[in-house]
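I opened my notebook today to look up a few features and to write down what each of them turned out to be.

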Amino acid sequence: FGSSNSLAGSVCRQGSAMGSSAVDLALHKSVLKREAWKEREFSQAQAQRDAEFLATVGTTEMTVESLKNVIKSDKRMYFNSVELNDKLYIHYKGWRTLQHLDGWTGLKALYAECNAFDHISGLQHCCQLRCLFLQENCISHISGLENCVNLWSLNLSNNFITRISGLAHLKGLNSLMIAKNKIGHGGVDDIAELANMNISSLDLQGNAISDPDVVPEVFMRMADLRVLYLKDNPCTKKIINYRKSTIVYCKNLRYLDDRPVFEDDRRTAEAFNMSGLEGERNERKNIRDEANEKHRRNMEAFSEMIKHAKLEKREKDAMRAEDKYTDDTDPVDSYERRMKHLYSRWEDEHKDELRDDAKDYATICLESERARSDRQSQVTGQDCRPKADHNAVSLNEEVGHVRESSEKLKVDTRTLVSEDLWDDVPLRSRADDSSKMVTFVESANVELSRAQQQGEWITGAGSSFPVQTSWPREGAVHETSTPSWYSEFREKDLDQAQVVSKPSAELTAMSMDVYREVEDASQASSGQIRSSSQRVGAKSETPARPAFAFRPPARVPAELNEMD
């Protein structure tokens with residue numbers, strides 16, 4: 001304001017000396033000078049902002065140097081010789097013009113989406129191009145594809161295209177994606193070029209197609225059309241029974257919008273088009289009846305196949321019964337036998353490759369372990385027999401017979417699995433129960449002999465028992481033998497190891513017979529002891545000792561029942 005006042009004062013002082021026209025001219029010149037200065041300052045600021053924007057997003061020109069930088073960015077994908085590259089990724093570059101692709105003669109796939117291309121150009125030498133992706137650009141019309149005669153897939157979605165043109169010469173074009181553009185404001189003429197093309201997949205969703213005649217005039221004339229996306233267009237709401245009508249007009253259509261078109265859908269749509277809702281209902285009923293009839297025929301055929309197979313098997317068995325050859329000696333080589341022989345021969349030829357070293361080593365270790373256990377069991381069997389009177393000796397002979405029988409019937413059925421190699425838990429089987437019963441009989445026999453020699457008695461309700469301070473515990477064995485523990489193929493106690501074999505049904509029955517003989521012998525000896533004790537009681541003043549009856553603890557019958 002200070003400068004304006006001074007200027008106005010100077011102009012007023014000059015105005016007194018000159019006329020009013022000269023004053024207006026001076027004021028106008030000063031205003032123009034001030035406006036020019038403001039415009040120059042604004043343009044400088046705008047240029048600075050543009051420079052900052054370009055520095056942020058990169059260059060907007062597609063140059064040869066920028067293409068070389070793309071090649072250098074990924075050496076695993078591109079060759080240094082541009083004519084050897086068959087694909088090029090230039091998406092999200094911000095380039096305005098598609099150019100400088102003269103040397104890319106072998107290019108087959110070009111990914112150029114999300115740029116600022118306003119037209120298609122620079123593809124004159126890309127004659128082998130098969131796939132072109134130009135979605136999300138600024139293209140307003142289709143051109144520049146005259147030399148791309150081998151183009152198979154074209155994506156022009158999310159652009160500003162108003163009319164489909166310039167594609168009639170692309171006879172090999174199979175897939176056209178041109179969704180979310182501005183096509184349709186000119187009516188059917190905007191897509192009329194598609195009627196004479198061989199396109200199989202067409203995506204036109206999200207445009208402005210409003211004329212319902214596009215279905216009979218364009219899509220119906222596309223004989224190769226298989227997939228059509230037409231939703232989000234005004235015409236879908238104007239076409240009566242849109243889906244059924246489109247299926248009827250497009251005979252080869254297999255997929256419409258978001259659902260496939262099955263043969264039953266086509267039949268019902270054609271019936272609805274001819275006879276209305278009643279015709280559609282009748283057609284659906286016919287479809288269900290045909291499905292049921294087909295299922296019935298399949299079941300009958302399956303039953304007939306089973307019957308025929310059973311008849312063939314019976315005939316084959318009858319012929320085999322009268323034949324002098326068997327399946328193994330039959331000179332006629334069947335397919336199964338031939339394949340079996342080939343597989344066996346292949347196994348013999350590749351025996352070294354199929355050999356499992358870990359399994360062989362484990363088998364050797366188990367065999368050596370069994371040999372050591374057998375030697376140790378022989379030593380313990382000679383040293384562990386108890387010494388008693390003639391009744392005990394007879395019982396020990398029976399027990400020894402049971403032990404010998406169990407050794408003869410011993411069969412190792414353990415299977416080699418990975419858990420057995422590293423498991424520290426002792427191996428337990430029903431053979432342990434048989435060993436418990438045998439060792440319990442031996443211990444009971446020893447206690448019987450000791451009681452007869454020392455004369456230790458206790459009386460109970462209805463029975464007499466010898467004084468026993470340490471009855472054999474459940475699961476206990478003789479003091480000279482202990483069960484073996486296996487851990488990583490090593491015996492923790494080699495001197496006391498003992499291997500118990502798996503009992504059979506015969507061994508279990510034999511053990512029951514031994515138990516009954518032990519009980520009968522004990523009852524017989526108790527009768528002798530009772531008579532002798534009565535005589536001693538008649539001669540002396542001491543009361544007569546109760547009769548002895550050998551009765552094992554109650555858990556023994558339970559264990560025998562469990563083993564049975």
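I began by noting that a strand here is a DSSP run of E with at least two residues, numbered from the N terminus. With that in hand, I found Met177 in strand E5, which covers residues 175-177. I kept in mind that I am reading a predicted model.

Then I turned to helix H7, residues 263-322. I noted that H7 has 60 residues, yet its end C-alpha atoms are only 55 Å apart, whereas a straight helix at 1.5 Å a residue would reach 88 Å. Where does H7 bend? I found a bend of about 140° at Ser275.

I checked the record as well: UniProt, in an unreviewed entry, places a "coiled-coil region" at residues 277-312. In the model this span is 100% helix and 0% strand, and its end C-alpha atoms lie 53 Å apart.

The buried residues of H7 include Gly279, Glu280, Glu283 and Ile287. Ile306, also found in H7, counts as partly exposed because its relative accessibility is 34%. Together with Phe302 and Met305, Ile306 makes a nonpolar surface patch of about 280 Å².

Notes. Residues are numbered from 1 along each chain as its sequence is written. This is a predicted model: local features need pLDDT of at least 70, side-chain atom pairs count only at pLDDT 80 or more; totals for chains, interfaces and linings use all residues. Side-chain values use heavy atoms; hydrogens and water are left out. Patches are made of residues with over 30% relative accessible area and no salt bridge: like charges are joined within 9 Å, nonpolar side chains (Val, Leu, Ile, Met, Phe, Trp, Tyr) within 5 Å. Accessible areas come from the Shrake-Rupley method with a 1.4 Å probe; for residues, only the protein chains shown count as cover. A salt bridge is a side-chain nitrogen of Lys or Arg within 4 Å of a carboxyl oxygen of Asp or Glu. Helices (H or I, at least four residues) and strands (E, at least two) are DSSP runs, numbered from the N terminus. Buried means under 20% relative accessible area, exposed over 50%, partly exposed in between (1.4 Å probe, protein chains only). UniProt positions are given in the numbering used here, feature names are shortened, and annotations may be inferred rather than shown by experiment. The expected span of a helix is 1.5 Å times one less than its number of residues. The bend at a residue is the angle between axes fitted to the seven residues ending there and the seven starting there.
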